[in-house]
Amino acid sequence: MQKIVFITGATAGFGKACAFKFAAHGYDIIINGRRADRLQQIADELERKFNTAVLQLPFDVQDEKAVFEAINSIPAEWKAIDVLVNNAGLALGRDYFDEADLSDWNTMIDTNVKGFLYVARAVSQLMAERHTATGAIGHIINMGSIAGREVYEKGNVYCASKFAVDAITRAMRIDLLRHRIKVTSVNPGAAETEFSLVRFKGDEQTAKKIYDGLQPLSAEDVADAVYYCTTVPTHVCINELTLTCLQQANTIYFDRELVK
Ligand code: NDP
Ligand code: 8X3
C-alpha cells in the first residue's frame, strides 16, 4: 500500500520541496495552499515526473470552517494519512514592537498559530481513528523555526508564533501519545524561499539583503531534513530537529563572508 503525506503550504518553498521529496520516495501526496493554479501545476509535474497520485486541497488555513470541511471531506481512500507536514506559514513585516502593523500581527497569529492548530487538530483525529482501527502509526511534523527558540530585534510576533509552534508541538506529543502519533518539530534557520519576499511585501531588494554574503539553506535542504525524520525505525521519534546553514550560529550571529 502506498503511503500518504499531507503537506500544507505546498505551493512554494519548503512545502513544495517536500512534495517532490516524498513523491520521489513513492508517497501519494495531498497538497494544500491558497493558490489553486500553483497546486494544479505542481500536481501535473508530480504526476508526470513520478507517476504520483495527487489530491489537491486548496484552502486558507486561517478559515476554521474551510479547514475542517476540506479535511473531513477527503475521499475515504485518502484519509489514511501517514505523515502530516504542517508547514503553511509566513512572516509579515519586520518592525519595532511599538511601530508594527496590527493587521500583520493578526495574520501571523491567524495563520501560524490558529491555522496550524486547526490542521493539526483535524488530521490528528483521522490518525487517532486509524490507529484504533488498524494500529497504523501517524506522524505529524510541525514547521517551527529557530525564531521559535530565540527572539531577535523586530521579530516580536513572528517569533512568538514560532514559540507557540514549539509549545504546541510539545503538548501534542504528550496528548497524542496514547494514539501512538509521532510529533516532531523541524526548526530551520534562514532559508531562501518566497519567505522574505512575503515578509517584505514584494520588496525584492530588501528580501535579497537577508541572504547577503550567505549560502543559506535551500528549500531542498529543509525537505531532506523533514523526510529524514520519517525514516527512523517505528519505535523512534525525533522530537525536534534544528538546522541552519554553516554561516549561521543562531538567530543573530552570522558570518557573512562567503568562502569558496
Ligand atoms: P514560502 O513563502 O516559500 O511558502 C509558504 C507557503 O505557505 C506557501 O505555499 C503558501 O501558499 C503557504 N501559506 C501561507 N499562508 C497560507 C494560508 N493562510 N493558507 C494556506 N497556505 C498558506 O515560505 P517557506 O517555505 O520558507 O515557509 C514555510 C514555513 O517555514 C513557514 O511556516 C515559515 O514560517 C517557516 N520557516 C521559514 C524559514 C525561512 O527562512 N524561509 C525558516 C524557518 C521556518 P499560498 O500563498 O499559495 O497560500
Ligand atoms: C524564519 C527564520 O530567522 O528569519 O523563521 O526568523 S528567521
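The legends below describe close-up views of a predicted model. In this predicted model, local features need pLDDT of at least 70 and side-chain atom pairs count only at pLDDT 80 or more, while totals for chains, interfaces and linings use all residues. Residues are numbered from 1 along each chain as its sequence is written, chains are lettered from A and ligands numbered from 1 in the order in which they are written, and side-chain values use heavy atoms, with hydrogens and water left out.

**View 1. The shell around ligand 1 holds 30 residues.** A residue belongs to the surroundings of a molecule if one of its heavy atoms lies within 4 Å of it. The closest residues are Thr 11, Arg 34, Asp 60, Tyr 158 and Thr 193. Of the shell residues, 12 are nonpolar, 13 polar and five charged; here Ala, Val, Leu, Ile, Met, Phe, Trp, Tyr, Cys and Pro count as nonpolar, Asp, Glu, Lys and Arg as charged, and the others, Gly among them, as polar. At least two shell residues come from each of α1 (13-24), β2 (28-33) and α5 (156-175). Helices (H or I, at least four residues) and strands (E, at least two) are DSSP runs, numbered from the N terminus.

**View 2. Polar atoms of Thr 193, Val 61 and Ala 12 approach ligand 1.** A polar contact is a pair of N or O atoms within 3.5 Å; within protein, one must be able to donate a hydrogen and the other to accept it, and residues adjacent in sequence count only if both atoms are side-chain atoms. The side chain of Thr 193 places a polar atom 2.6 Å from a ligand 1 oxygen.

**View 3. Ligand 2 is surrounded by Ser 145, Ala 147, Tyr 152, Tyr 158, Phe 195 and Arg 199.** This shell divides into four nonpolar residues, one polar and one charged. Oxygen atoms of ligand 2 lie 2.5 Å from a polar side-chain atom of Ser 145, 2.6 Å from one of Tyr 152 and 2.5 Å from a side-chain N or O atom of Tyr 158. Alone, ligand 2 exposes 240 Å², and the protein buries 85% of that.

**View 4. Phe 163 lies in helix α5.** Phe 163 counts as partly exposed because its relative accessibility is 34%; buried means under 20% relative accessible area, exposed over 50%, and partly exposed in between (1.4 Å probe, protein chains only). Between Phe 163 and Gly 13 there are 150 residues of sequence separation and 21 Å of space, C-alpha to C-alpha.

**View 5. His 179 sits in the loop between α5 and β6 (182-188).** His 179 has 17% relative accessibility and therefore counts as buried. Its side chain makes a polar contact of 3.4 Å with the side chain of Arg 178.

**View 6. Gln 247 is found in the segment after β7 (240-243).** With a relative accessible area of 14%, Gln 247 is buried. The Gln 247 side chain reaches two backbone oxygens, that of Gly 213 at 2.9 Å and that of Glu 257 at 3.3 Å.

Conventions
Areas by Shrake-Rupley, 256 points an atom, 1.4 Å probe, with all protein chains shown as cover.
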